[in-house]
Amino acid sequence: MLFFLEKKVTKSKILPLLIFSADTNIELIVLKIKQHFKSKIIIRSSSLNEDTENNSNAGYYESILNINTNDDKSIKNALNKVISSYKDEPLNKNEILIQPMLKDVILSGVLFTCDINTLSPYYIINYDISENTSNVTSGKGKNIQTYIEYKFAKKIQRNNIVLDKLIEAVKELEILLNNSFLDIEFAYDGYEIYIFQVRSITKGNKKYISKQKLEKALYKLHKKIKKLNAPHPNLLGDKTLFGVMPDWNPAEIIGKKPKTLALTLYKELITDSTWAYQRDNYGYRNLRSHPLLISLLGVAYIDVRVSFNSFIPKTLNETIAKKLVNYYLQELEKNPHNHDKIEFEIIFSCIDFNTNNKLYDLLTKGFNIDEIADIKNSLTNLTNNIFTLYKKDLKKITKLEKKHSNIINSNLELIDKIYWLNEYCKRYGTLPFAGLARAGFIAMSFLKSFISQNIITSEEYNRFLNSLQTVAKDLSQDLSTMTKKDFLKKYGHLRPGTYDILSDRYDKKYDFYFESYRYEKNTQVTFNFNKSQLLLIDYHLKNNGLKISAESLIDFIKEAIEAREFAKFTFTKTLSQILVFIEELGGKFFINKNDICYLDYKEILNLYSSLWYEDVSTIFNHNINQNKDFFELTKAIKLPDLITCEQDIYNFLLTKNSPNFITLNVIESNIIKEEDIFNKKLENAIICIKSADPGYDFLFTKKIGGLITSYGGVNSHMAIRCSELNIPAVIGIGEDEYKKISNSKVVKIDCKCHMMRTIL
């Protein structure tokens with residue numbers, strides 16, 4: 001391939017080549033190398049089994065870098081390693097490729113000319129600003145960037161001369177090879193783009209969306225975002241942003257690309273109106289007519305302007321409130337990596353012992369002392385009210401159990417039961433849960449501020465949390481002491497994917513979730529604040545204008561955190577039963593849950609108060625087929641985690657640590673950490689390794705079920721191999737997430753929905 005392209009390319013360069021048959025005398029090869037090259041070289045494999053239409057075998061054969069041409073022994077060793085990697089293949093049909101090492105590399109990486117999962121027309125570039133040209137393919141680079149661009153966008157502003165040159169060079173390669181499905185390794189030395197490798201991407205039986213359909217969808221999305229970005233008479237803020245994680249975290253709860261039933265169920269129970277009722281009840285601005293979650297071509301986004309408005313205390317002066325919302329929006333746009341932690345890094349939603357310092361930072365952001373004082377006063381009043389408001393929600397959610405039982409035990413038809421469970425779940429479940437979750441967040445804010453103000457240590461913080469009696473702790477203890485029957489009676493409704501009908505309940509898959517594990521009864525941890533700590537808390541409470549004693553604040557923190565978990569446990573019982581009834585309803589019309597997961601939830605609710613001339617089966621199947629077709633489009637499009645303007649849908653950089661989902665498969669299995677891979681059975685397990693290094697290729701001989709890496713991009717070696725072998729993988733999840741996932745017992749990966757969830 002490189003020999004074919006060497007004299008044809010004009011927008012890139014290919015380093016000088018020496019090519020030998022693998023059965024050539026090694027002494028002769030060494031002689032030729034010393035004649036042609038004076039600096040360091042790379043000796044590369046070139047096998048007939050590499051880069052075929054069906055299999056790339058990327059990384060399967062040896063390539064040796066940085067060989068000194070004055071060291072005959074090193075040259076011979078490298079040649080022998082490459083030749084040995086051909087194993088039983090006929091040497092006279094394979095070749096060895098020698099090139100000089102490129103000097104002064106500034107940037108290098110890998111580019112795909114399509115999405116390897118869906119073959120949709122995107123340039124996907126992983127690059128690393130480093131002299132090491134193997135950082136991207138090995139997955140070892142810690143600062144790998146991923147740039148994505150829709151190939152047929154009419155106007156693109158990259159603001160990056162290297163990307164401009166690279167994409168021009170790649171377009172030339174596509175034309176020369178008459179191939180739009182290429183995997184290209186490249187480097188840049190400050191002057192020229194150098195091409196190291198060009199191979200065809202294995203297409204297999206993958207289906208892809210037509211250019212016309214994708215183009216039309218993106219154009220409509222472009223117009224939609226432009227409209228939503230305009231000023232709104234009922235909203236503060238000059239524009240909006242859209243994020244997959246701010247506020248109610250849809251990417252975490254239902255996935256970035258959820259199936260229709262999960263998406264519409266989540267919207268119905270929480271993000272269409274319930275969320276706003278709770279904020280209004282707790283003293284924030286009234287956003288009751290504004291949906292929080294916006295589905296953009298099937299991708300679940302939070303309308304950030306709506307979210308930021310909803311965190312403004314309703315007593316705050318309108319002019320200051322508008323200024324504050326615009327400040328929030330500007331801060332997030334400047335710091336997109338904070339999109340999943342807006343309440344910690346961007347906004348002020350309550351008072352704690354750190355708030356004063358954070359508020360006075362606003363003096364450098366265009367706010368004056370009076371404005372800051374007004375913001376603080378409104379937050380103080382709001383926080384004081386929440387200290388008692390949450391108790392009403394705690395009382396309210398206890399009513400759900402009885403409402404739930406009355407419906408379950410009634411003689412109502414299935415559709416009627418679903419409708420009323422839905423109504424009660426909102427009124428007595430998700431609404432009070434939203435309030436208790438807000439109280440729980442404020443409780444945690446206070447607790448963390450205790451550390452910052454040196455009231456408690458980090459160790460004491462952890463001991464306090466461990467002393468709480470949460471549902472999770474109850475479950476672990478009950479698993480050790482209860483019979484299986486009693487345990488499932490209490491916990492059987494739980495399912496790892498709360499809104500996912502395809503996620504099995506504990507009572508349906510008990511053996512898988514629990515039988516293999518042995519839980520020891522937890523030792524009860526106690527923690528009591530001492531007198532000096534309570535005096536310090538009282539001092540800070542008084543200093544911040546908070547009308548609560550230290551003892552009462554501790555009680556609030558304890559009760560709010562425990563109540564949040566209890567509320568979730570309670571409302572998910574009703575939610576889980578709704579999904580059971582939906583599955584049963586589908587069965588009546590011979591629709592299995594693998595299909596009914598594409599049904600719009602409102603189609604079911606509408607049947608309670610409407611009668612249509614077509615039968616239910618026809619209505620459901622028509623809707624399911626439409627949504628299945630639409631989901632194919634959703635899978636094909638690539639959108640950023642944070643959309644700041646309409647142009648972002650055509651080209652963007654992935655935010656740091658945005659994981660790359662490989663294949664479109666789903667797996668739920670046990671986790672095996674890197675240090676255990678040599679002493680445990682790997683078959684069907686999900687393997688966690690730090691980097692996407694070719695050295696782990698042996699894993700693919702073990703029939704592994706899935707792969708997770710801390711580092712690596714969509715173009716890394718392991719990503720390519722997993723794609724070819726159809727093994728679901730999540731590549732490059734980042735160090736923090738990796739620590740959490742690798743210490744789990746069971747994890748579910750849903751590559752279609754771009755979702756990874758800890759089960760145990």
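Strand S5 (residues 107–112) and strand S6 pair in the antiparallel sense over five bridges. Strands, like helices, are DSSP runs numbered from the N terminus, with at least two residues (E) for a strand and at least four (H or I) for a helix. Two strands count as paired if DSSP finds at least two bridges between them. The structure is a predicted model, in which local features need pLDDT of at least 70 and side-chain atom pairs count only at pLDDT 80 or more, while totals for chains, interfaces and linings use all residues. Residues are numbered from 1 along each chain as its sequence is written, and side-chain values use heavy atoms, with hydrogens and water left out.

S6 itself spans residues 122–128, and seven of its seven residues are buried. Buried means under 20% relative accessible area, exposed means over 50%, and partly exposed lies in between (1.4 Å probe, protein chains only). The cover extends to both faces: Tyr122, Ile124, Asn126 and Asp128 are buried on one side, and Tyr123, Ile125 and Tyr127 on the other.

**The seven-stranded sheet**

An open sheet of seven strands runs in the order S15-S19-S18-S17-S16-S20-S21, with mixed pairing. Its edge strands, S15 (660–662) and S21 (755–758), each pair on one side only. Direction ignored, neighbouring strands of this sheet are turned by 25° against each other on average. Strands of a sheet pair through backbone hydrogen bonds, either parallel or antiparallel. S17 (residues 686–689) and S18 (residues 706–709) run parallel and are joined by four bridges.

The loop between strand S16 (666–673) and S17 contains Glu674. Glu674 counts as buried because its relative accessibility is 19%. Its C-alpha atom is 46 Å from that of Lys531, a residue 143 positions away along the chain.

**Helix contacts**

Two helix pairs are set out below. Axes are lines fitted to C-alpha atoms, for helices over the stretch in contact, and angles run from 0 to 180 degrees between N-to-C directions.

| Helix pair | Axis separation | Angle |
|---|---|---|
| H14 (residues 369–397) and H22 (residues 550–588) | 10 Å apart | about 30° |
| H8 (residues 260–271) and H24 (residues 601–609) | within 8 Å | roughly 60° |

The angle makes H14 roughly parallel to H22, and H8 is oblique to H24. Angles under 35 degrees count as roughly parallel, over 145 as roughly antiparallel, 65 to 115 as roughly perpendicular and the rest as oblique.

With contact taken as heavy atoms within 4.5 Å, Ile386, Phe387, Tyr390, Lys391, Leu394 and Ile397 in H14 meet Leu553, Phe556, Glu559, Ala563, Phe566, Ala567 and Thr570 in H22. By class, this contact has ten nonpolar, one polar and two charged residues. Ala, Val, Leu, Ile, Met, Phe, Trp, Tyr, Cys and Pro count as nonpolar, Asp, Glu, Lys and Arg as charged, and the others, Gly among them, as polar.

In the other pair, Leu261, Thr264, Leu265 and Glu268 in H8 meet Tyr601, Lys602 and Leu605 in H24. The residues of this contact divide into four nonpolar, one polar and two charged.

**Asn357**

Helix H13 (residues 355–360) contains Asn357. Asn357 has 55% relative accessibility and therefore counts as exposed. The C-alpha atoms of Asn357 and Ala251 are separated by 31 Å, with the two residues 106 apart along the chain.
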